[in-house]
Amino acid sequence: MLCVGLTTVDVSQLVAEFPLPGQKVQSLGVDLAPGGPAANAARAVAALGHRAVLLTSLGGELGGFARERLRPVEVRSVGAGGPALSMVVVRERDGERTVVSRNAAGFDGAAGDGSVDAEVHAEVGAAVGEADVVLVDGHLGPLALAAARLARRRGVPVVLDAGSWKPVLDDLLPLVDVAACAEGFELSEREVHDRGVPLVIRTHGPRPVTWSRGGATGSQPVPVVEVRDTNGAGDVWHGALAVAVARGDETADAVRWANEVAAVRVRNTAWDWVEELGRWRDRR
């Protein structure tokens with residue numbers, strides 16, 4: 001599995017209530033760990049027992065920290081940009097979170113025309129050549145586009161984590177086999193299909209996940225669990241979906257599996273979700 005895109009370093013603070021403007025509160029706990037859509041997905045893929053390769057940009061001291069904490073994910077870093085520092089506050093009573101991050105600002109692996117340079121292209125080609133599925137989050141746009149183009153040429157399925165609109169999606173969507181859209185994603189299912197995507201899936205928070213393909217539609221309920229931390233739940237869901245695509249699961253089964261995996265994430269915390277997901281996998 002190749003996950004292409006953003007890595008952050010998340011400082012997660014657990015609080016009883018979100019602070020008001022100007023207010024200071026004492027946290028109930030703090031954690032420092034890698035985050036970001038592609039990195040969280042890769043961590044989930046590895047915890048589920050699948051080989052996980054993360055193609056991202058990790059420079060500087062924060063990059064070294066993230067690389068160490070991402071094991072056993074195989075990290076391949078391109079460009080000189082470092083991971084963004086992301087500040088996460090999680091409310092204890094319902095797991096709701098708020099996040100402030102720079103995301104992909106500063107990635108410098110692109111050539112002057114917006115494509116990746118020759119060295120990066122070679123790295124992308126090597127990674128795609130070993131992959132059974134390519135998952136892209138749309139961050140580090142030139143990197144995502146290069147990976148999707150190479151995957152299309154080699155017949156490797158491309159799964160898109162469509163959390164929000166990014167300019168690269170104009171070129172990226174026609175290369176995507178499965179677009180998994182967040183509830184707030186700006187395009188409708190019909191508009192995503194019109195861009196050339198065969199299977200469109202949309203999550204709706206705690207409500208059933210829906211999908212459409214070839215005129216057929218379906219939905220799958222989300223497990224009801226005690227929610228402790230929602231941060232990164234969508235990322236984990238996308239990693240699980242990509243594993244299901246690699247196995248060749250039918251859409252209903254793939255979505256059911258991803259829903260179950262995401263439920264493990266939200267009922268655990270930033271401190272323990274990776275280990276708990278591994279234990280959950282072993283019990284199945």
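Helices here are DSSP runs of H or I with at least four residues, strands are runs of E with at least two, and both are numbered from the N terminus. With that in hand, let's start.

This is a predicted model, where local features need pLDDT of at least 70, side-chain atom pairs count only at pLDDT 80 or more, and totals for chains, interfaces and linings use all residues. Residues are numbered from 1 along each chain as its sequence is written, and side-chain values use heavy atoms, leaving out hydrogens and water.

First stop: N103. It sits in the loop between strand 7 (97-100) and helix 3 (118-129). Leave aside residues up to four places away in sequence, and N103 touches L6, A84 and H139. Touching means contact: heavy atoms within 4.5 Å.

Is N103 buried, exposed or partly exposed? Partly exposed, because its relative accessibility is 33%. Buried is under 20% relative accessible area, exposed is over 50%, and partly exposed is in between (1.4 Å probe, protein chains only).

Now L140. L140 is in the loop between strand 8 (134-136) and helix 4 (141-154). L140 counts as buried because its relative accessibility is 7%.

Look at the backbone too. L140 is not a glycine, yet its phi is positive, about 50°. Most residues other than glycine have a negative phi, and most peptide bonds are trans.

That brings us to P72. The peptide bond from R71 to P72 is cis, with omega near 10°. P72 lies in the loop between helix 2 (60-69) and strand 5 (74-77).
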